[in-house]
Structure formats: structure tokens, C-alpha cells
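Please look over the structure below before reading on. The report goes through selected loops, strands and helices in turn.

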Amino acid sequence: MTLACEACGRTYAEGADEPWRCECGHALDFADRSLPEPRDVDAERGLWAFRDFLPVEPRVTLGEGFTPVADAPAWDATFKLDFVFPSGSYKDRGATVLLSRAAELGVERVVEDSSGNAGAAVAQYAARAGIDADIYVPADAKPSKLRAIEAAGATPVRVEGSRADVTDACVDAVESGDAWYASHAWNPAFYAGTETFAYELAVQHGVPDALVLPLGHGTLFLGAYRGFARLKEAGWTDSVPRLYGVQAAGVAPVAERLHGGADGANDVADGIQIADPARLDQILDAIDASGGDAIALDADATERELDRLHAEGFYCEPTSAVAPAGFRAYRERGDIREGEDVVVPLTGSGLKG
């Protein structure tokens with residue numbers, strides 16, 4: 001398989017020594033992926049029921065996928081409960097494909113930078129694969145997420161400073177050592193994994209009119225868009241939903257590009273505080289192509305929505321609350337109309353709070 005840069009057109013042969021990004025600085029993606037013919041899906045195989053859409057064999061798996069779809073009448077929406085994955089977040093979608101690829105390439109040690117959930121997922125699947133892992137995290141990362149990383153045998157490397165400082169420290173380690181960069185933001189295998197959100201939803205529920213998703217690096221946002229676009233191209237479905245992103249006020253580069261700067265802050269939604277997304281241009285293209293948008297919400301709106309979710313039995317973590325809160329805001333703005341079929345993922349477990 002070949003890696004390609006859509007920005008400059010360079011291509012690279014994949015392998016353990018492949019670059020983690022293009023020479024021009026942009027992210028790489030798999031080229032020439034196949035599109036299988038429509039067929040019945042065996043849900044008992046989990047997300048690997050869509051193996052024909054994925055770039056690797058299921059070498060590292062914990063039976064993940066086909067998370068529940070639940071009616072949410074208090075919102076007049078449908079929730080997909082991606083917080084029930086083995087590590088407690090949707091990041092397992094990417095981690096199972098990412099570590100399967102690492103195992104296929106014969107990688108012995110990986111590094112990753114994360115505010116928590118992606119690091120916990122990579123640590124857990126690296127343990128499953130027998131691959132050593134160092135996870136670079138903010139110095140103030142939540143203890144529950146650090147415990148999950150350490151319990152899997154990975155080494156958390158605490159970094160003082162901003163979330164960008166954590167990434168810089170991890171990249172320095174990649175470029176000066178012999179570790180493979182298992183990045184949820186840069187590695188195309190992770191996004192291939194998050195595409196399974198769309199594949200599952202199409203089987204379980206059908207193609208909705210719109211999706212409302214949390215938006216940091218855009219791993220689930222881009223995965224959902226690419227997944228539905230590939231389903232349509234393959235002839236499995238005939239439409240792509242509008243994609244609406246929700247960011248944390250104060251750290252909202254996508255919303256700011258679309259609507260300019262805004263006041264407010266949101267330190268509650270710590271999982272999406274990404275000032276410089278690795279695939280910003282691709283996120284903007286997905287919004288434009290699907291007819292969607294991106295907005296930013298403050299801490300008060302997020303906390304109010306988290307209380308509503310818990311009161312309705314959805315025990316998710318604070319960052320998860322931005323998506324249903326955003327759904328409420330998009331409804332008020334008239335972007336999403338009454339009666340439309342809307343799906344909102346809940347992405348992280350409250351047990352990791």
C-alpha cells in the first residue's frame with residue numbers, strides 16, 4: 001500500500017521507516033483503498049465486520065465495535081454510545097486498526113501524545129499486541145486516564161506546558177529515537193478505524209440527515225465523513241449526512257476560521273482543546289462538502305448539558321457533553337430543523353471523568 005499527500009501529491013511506500021507526515025508538512029493518507037460490493041454484515045465480528053473497507057488485517061483486537069444506538073427523546077435525537085468501548089472511549093476504533101498496522105509492520109515500540117483517551121486506547125491495544133508504548137501527556141492529565149495508561153504497562157511521560165508542547169515533545173522523541181509514531185492525529189490508520197463509526201451506523205440506523213460531533217483533531221469527525229463518503233461511493237448508501245462540529249470556546253480554530261473569533265472559555269471539555277489540528281484543511285473541506293458547520297461552546301453550556309445527560313442515564317465524561325449541547329445550539333440557530341433525523345455520538349465514559 002502507498003501513502004500519499006493530497007496537498008502536494010508526493011507518495012511514499014509504507015513500512016516501519018515511513019515518514020509520519022509529508023515533506024511539505026501535511027498529513028498522509030492511504031492511496032488506492034478498495035471499495036467492496038454491498039453485502040450482508042456480521043455484527044458479531046464487531047467493527048472488523050467491515051474488514052474489506054480497512055487497510056490491515058485484524059491482528060490486534062478486543063472484540064470492539066457495534067456500540068449501542070439509543071433513542072434520546074429529551075433531545076429528539078439518537079445517541080450512539082461510543083463510550084462503551086473496552087478502554088472507555090471511541091478512540092478504540094482507531095487504536096485497533098493503528099496497532100494492527102504496527103504489528104503488521106513489525107514495530108516493537110510506539111509513542112503517542114494525548115490528553116488522555118487516545119493515550120489510554122493506544123496503551124491498551126499496544127499491551128494486547130505485546131508492543132512497548134510511551135504516552136506523552138499534559139502534566140495535569142486526569143489521574144483516571146493516567147491510571148489506565150499505567151495499568152496497561154505503558155509509560156506516561158508528563159510534559160509541562162500546553163497541549164502543543166506535549167505534541168512537540170513526542171515528535172522530538174520520534175525524530176531522535178527508534179519509536180514508531182502511533183499518532184491518533186497524524187497516522188492514517190487511526191482515521192481508517194474511525195470510519196467504522198459510519199459503517200456501523202449505516203447498518204444499525206441508516207444514514208441520518210445530520211451528525212453533531214465533538215471536534216478537536218477531528219479524528220471522529222473526519223472518520224465519519226470519510227466513512228459515509230466511501231459507503232456512497234461503493235453503492236451501499238445514497239447520501240452523506242451534514243456534519244456539524246462542536247469545539248471548546250477559547251480553543252476553537254475551525255469555528256474561528258468559519259466565523260471569526262469569539263469570547264469565552266471552556267476548560268471543562270479538555271479532550272478537544274486542540275489549537276492546531278493536524279488535518280485542519282481536511283476538516284474544513286468535509287464541512288463544506290457535507291453542508292455542515294462548526295461552532296464553539298463555553299464551559300457553562302457544557303456543564304449544563306453534562307448534568308442533563310447524567311440525569312437521563314447517559315454517564316459520559318465532560319467532553320462528551322459538547323456534542324449534545326451543540327445539537328441544542330444548532331437547533332436554536334435553525335441549522336437543524338424539527339423532525340430531522342440526527343445522530344449524536346457520546347464519546348467518553350464518565351468512569352474516566
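Is Asp32 buried or exposed? Asp32 is exposed, with a relative accessible area of 77%. The model is predicted.

## Two loop residues with positive phi

Most residues other than glycine have a negative phi. Asp32 has a positive value, near 60 degrees. Asp32 is found in the loop between S3 and strand S4 (69-72).

Phe66 lies in the loop between S3 and S4. Phi of Phe66 is also positive, near 50 degrees. Is Phe66 buried or exposed? The relative accessible area of Phe66 is 17%. The cut-off for buried is under 20%, so Phe66 counts as buried.

## The antiparallel sheet

Strands S2, S1 and S3 form an open sheet in the order S2-S1-S3. The pairing in this sheet is antiparallel. Which strands lie at the edges? They are strand S2 (11-13) and strand S3 (29-30), and each pairs on one side only.

Strand S1 covers residues 2-4. S1 and S2 are joined by three bridges, in the antiparallel sense. Ala4 has Thr11 in S2 as its bridge partner.

## The H1 and H2 pair

Helix H1 spans residues 91-104, and helix H2 spans residues 117-129. The two helices pack at an angle of about 40 degrees. Their axes are 9 Å apart. How are H1 and H2 oriented to each other? An angle under 35 degrees would count as roughly parallel, and the perpendicular range begins at 65. H1 and H2 are therefore oblique to each other. Their crossing is right-handed.

Which residues make the contact? H1 contributes Lys91, Asp92, Ala95, Thr96, Leu98 and Leu99. H2 contributes Asn117, Ala118, Ala121, Val122, Tyr125 and Ala126. The contact of H1 with H2 divides into eight nonpolar, two polar and two charged residues.

## Helix H9 and its cover

Helix H9 runs over residues 280-290. Its buried residues are Leu280, Gln282, Ile283, Leu284, Ala286, Ile287 and Ser290. What covers the buried residues of H9? The cover includes two helices, helix H7 (219-234) and helix H8 (253-259). It also includes the strands S3, S11 and S12.

Gly291 follows H9. Phi of Gly291 is positive, near 75 degrees.

## The parallel pair S11 and S12

S11 and S12, both part of the cover of H9, also pair with each other. Strand S11 holds residues 242-248. The pairing is parallel and runs over five bridges. Gln247 has Ala296 in S12 as its bridge partner.

How many residues of S12 are buried? Strand S12 (residues 293-297) has four of its five residues buried, and is mostly covered.

Gly339 sits in the loop between helix H11 (322-333) and strand S13 (342-346). Is Gly339 buried or exposed? Gly339 has a relative accessible area of 67%. The cut-off for exposed is over 50%, so Gly339 counts as exposed.

How far apart are Gly339 and Ala77 in sequence and in space? They are 262 residues apart in sequence. In space, the C-alpha to C-alpha distance is 9.1 Å. Leaving aside neighbours within four places in sequence, Gly339 is in contact with Asp76 and Arg331.

Methods
Residues numbered from 1 in each chain as written. Predicted model: local features only at pLDDT ≥ 70, side-chain atom pairs only at ≥ 80, totals over all residues. Heavy atoms only, no water. Buried < 20%, exposed > 50% of the residue type's maximum accessible area, 1.4 Å probe, protein only. Pairing = 2+ DSSP bridges. Axes fitted to C-alpha atoms, helices over the stretch in contact; angles between N-to-C directions. Parallel < 35°, antiparallel > 145°, perpendicular 65-115°, else oblique. Left-handed = near helix turned anticlockwise from the far one by under 90°. Contact = heavy atoms within 4.5 Å. Nonpolar A, V, L, I, M, F, W, Y, C, P; charged D, E, K, R; others polar.
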